[in-house]
Amino acid sequence: MARLVDGLVPVVAVLFAFLVGAIILWLQGVSPVEAYRQMIVGAFGTKNGLADTLVKAIPLMLVGLGIAIAFRGGVINIGAEGQMIVGALLTTFVGVQLAEGISPVVGISVAILAGALMGAIWGAIPGYLKARLGVNEILSTIMMNQIAIQIGYYLLRGPMIDPAEVAAGTNIPQSARLGRAFDVPRFTDLARWLGLDRSAADLGLDGFLGEIYAVLVEPSRLHSGLIFAIIMAVLVYILLWRTTLGYRIRAVGLSRSASEYAGIPVRRTIVLSMTFSGLFAGLAGAVEILGLHHRMFEPAAVSAGYGFTGIVAALFGKLHPLGIIPSSVLFGGLLVGGDKMQRAMQIPQVLITAILGLVVLFVVSTDYLVRRRVARRLAAQRSAAELASKEELVGSTVQEAGS
Amino acid sequence: MSELTAIGVLLGIIHQGIRLATPYLYAAIGETISQRAGVFNLGVEGIMLMGAFSGFYAVFETGNLLLGVLAAAVVGLLMGLLMSVVSITFHAEQGISGIGLYMFGLGASSLLFKTMLGTIEPVRGFPALRFCLSDDFCLANIPVIGDIFFGYTALTYGAYLLVPIVWWVLNRTTWGLKIRAVGHNPEAADSLGVSVTAVRYASVMIGSMLAGVAGASLSIGLLNVFQEEMTNGIGFIAVALVYFGSWKPVGVLGGALLFAGVSALQLWVQVINLEIPSDLAVMLPYLLTIIALALPFRRSLQPGALGKPFSRGEG
């Protein structure tokens, strides 16, 4: 029961953030009930809305997994934006260079690995700087974000610019389209291969079941990156709880000095947690390019704040890989719902950013309350145990005296 | 390029650098106070955005510059209160709560801008003071000295004045002693009857108030417009400057001048279209921040309890 209460605390924190959001809406003279209704229906109530929600959940999940690895290891990675961008850049480079005559399986694998590698490097640098030189990783990762954005602009205006943009004289900073072999199949493609080609209406499905069927089978933007991200969540779970490295990451996160004492190579573990963290953000960048955009454009529009929203998703998922899956869908829905709300009611979408900030503030605040509850519970158990052992002691002394 | 114009350009960069240091100084000096009390306030960027908007809006509506500064300061103070409740009372991990505050400030300032203004409008901000002693003689017109020392706004002079004031408060007053004590050894301070919580609340709120003014120094001092995300990372760099300046106002001043100088140089590089691609020139301050953070000197001066919440009797 007590554990259930602890588990519900983040939910209450989110509800509280929405309550503040409602007050802001009300102050703007907008009905909060209607605004939130638009949001929920927009994000989950229609086929295209739900598909978009899941599309946005993909990068959130991958970034969130990376964030969870870092936070579990006691390092704070604010650099997922930059790691996504550099990952997306190298994936794009590979996809444009190898556009001709490559099989989709090889092509996509190489491009994904390229993105992961680049993200990992971008995460390893602040990790190394922290472990060796004591550089505050929060600040260095924030700076690395800006550097990644500028490198992106430089490459997209120069070496990587789409030749068509130069020819047309428009010079928009974006790359050429990746080869078709690099298109990650959409759900509707997968369904066609499986022989499912009838629409929900054909089959007479309606209601929620029909909507789910439509999202999975009918044409939409939803791509198989979702399956990939879920597999990755399971892999991160295995990494953190079934491998030595994962054990070390968690141990270092709980106490650096105790880990040192236990013989864990603390510095190397810090570098590795940041590297893996960056790797997953890099994957997010790669998958966004291969599954959704198929070309690289304005860097900050590709990372699109997922580096920050991913932190929120990871915190709400209690830094647990399997918790991050539903949490990413929820926050993906929030982003889509915000967009729908803006269109339907002219409420600026930036309201969502403010609400996300409040979610972070409330979740990290309530975290302390949960910890204190747990500590009290443990203390109560301990004193009960002490009392019991004292009584035993008293009992035995009495016996001794009697004999 | 003749020698005369070269000197002119150099003076121009120096003048611009001293001017651009204004927001860095307010924000970083404020953050120094907060960190000396042991609280790592990463939300500066968000507070600056809120300060920039409220300062701008007050001036836009009333035309009263002092009211603009006051509005920015009050909003900064309130944001500081929020940060304090979360980080001091609720013991939140300060790096993460700061990001939350940043996101809130970013979202809220953009929301207010979109709903209350909608378009980018100019205002008449703080004027450059030319120190005219008579109709035809202004101190700002003196060659070289005039360029370097005169012709800035009152907000800029205020920022530089803040450096000795905060140094004096931190090092020569009881208040400063309390701030340093709760930042360095809260248990000892507590045992001597200093309220760690109260001193930290006050420090974070004053620091945040200055961050709010830092935002206003952009929107009604340097640029005289409000744009979404106009702080562009200055708040984060300001936090790094505190490390760079070894938690000392004078060190922070040096850092602020260096960074503002690089920004001025980078603007100049963009203007004259040097061989360096401008995208990479924009990168310079951020790269410099990382290098500065990696420098090993005087890190031992970091407040002992920086970033650690304090609770009585938990060791």
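Which residues touch the most other members of the largest nonpolar core? Of the 229 residues in that core, they are Leu62(A), Val359(A), Val360(A), Tyr24(B), Ala27(B) and Leu241(B). Helix α3 (residues 47-72) of chain A gives the most to this core, with 16 residues. A nonpolar core here is a set of buried Ala, Val, Leu, Ile, Met, Phe, Trp, Tyr and Cys residues joined through C-beta atoms within 7 Å. A residue is buried if 20 or more other C-beta atoms lie within 10 Å of its own, exposed if 12 or fewer, and partly exposed in between, with C-beta atoms placed from the backbone.

This is a predicted model, in which local features need pLDDT of at least 70 and side-chain atom pairs count only at pLDDT 80 or more, while totals for chains, interfaces and linings use all residues. Residues are numbered from 1 along each chain as its sequence is written, and chains are lettered from A and ligands numbered from 1 in the order in which they are written.

**Chain A**

Chain A has 18 helices and zero strands; helices (H or I, at least four residues) and strands (E, at least two) are DSSP runs, numbered from the N terminus. The C-alpha trace of chain A spans about 100 × 50 × 50 Å along its principal axes. Of the 403 residues of chain A, 51% count as buried. Helix α16 (residues 306-316) of chain A is mostly covered, with 11 of its 11 residues buried; among them are Tyr306(A), Phe308(A) and Phe316(A). Just after α16(A), Lys318(A) takes a positive phi of about 55°.

**Helix packing**

Two helix pairs are set out below. Axes are lines fitted to C-alpha atoms, for helices over the stretch in contact, and angles run from 0 to 180 degrees between N-to-C directions.

| Helix pair | Angle | Axis separation |
|---|---|---|
| α2 (44-62) and α9 (196-222) of chain B | about 55° | 6 Å |
| α12 (244-254) and α14 (266-293) of chain A | about 105° | 10 Å |

Angles under 35 degrees count as roughly parallel, over 145 as roughly antiparallel, 65 to 115 as roughly perpendicular and the rest as oblique. Accordingly, α2(B) is oblique to α9(B), whereas α12(A) is roughly perpendicular to α14(A).

Residues of α2(B), including Val44(B), Met48(B) and Phe56(B), meet residues of α9(B), including Ala211(B), Ala214(B) and Leu218(B). Two residues are in contact if their C-beta atoms, placed from the backbone, lie within 7 Å. The contact of α2(B) with α9(B) divides into 14 nonpolar, six polar and no charged residues. For these classes, Ala, Val, Leu, Ile, Met, Phe, Trp, Tyr, Cys and Pro count as nonpolar, Asp, Glu, Lys and Arg as charged, and the others, Gly among them, as polar.

In chain A, Leu245(A), Arg248(A), Ile249(A) and Val252(A) of α12(A) meet Val266(A), Thr269(A), Ile270(A), Leu272(A) and Ser273(A) of α14(A). By class, that contact has six nonpolar, two polar and one charged residues.

**The interface between the chains**

Chain B has 40 residues in contact with 37 residues of chain A. On the chain B side, α4 (94-117), α10 (234-244) and α12 (278-294) each give two or more residues. The largest share, 16 residues, comes from α4(B). This side of chain B comprises 27 nonpolar, nine polar and four charged residues.
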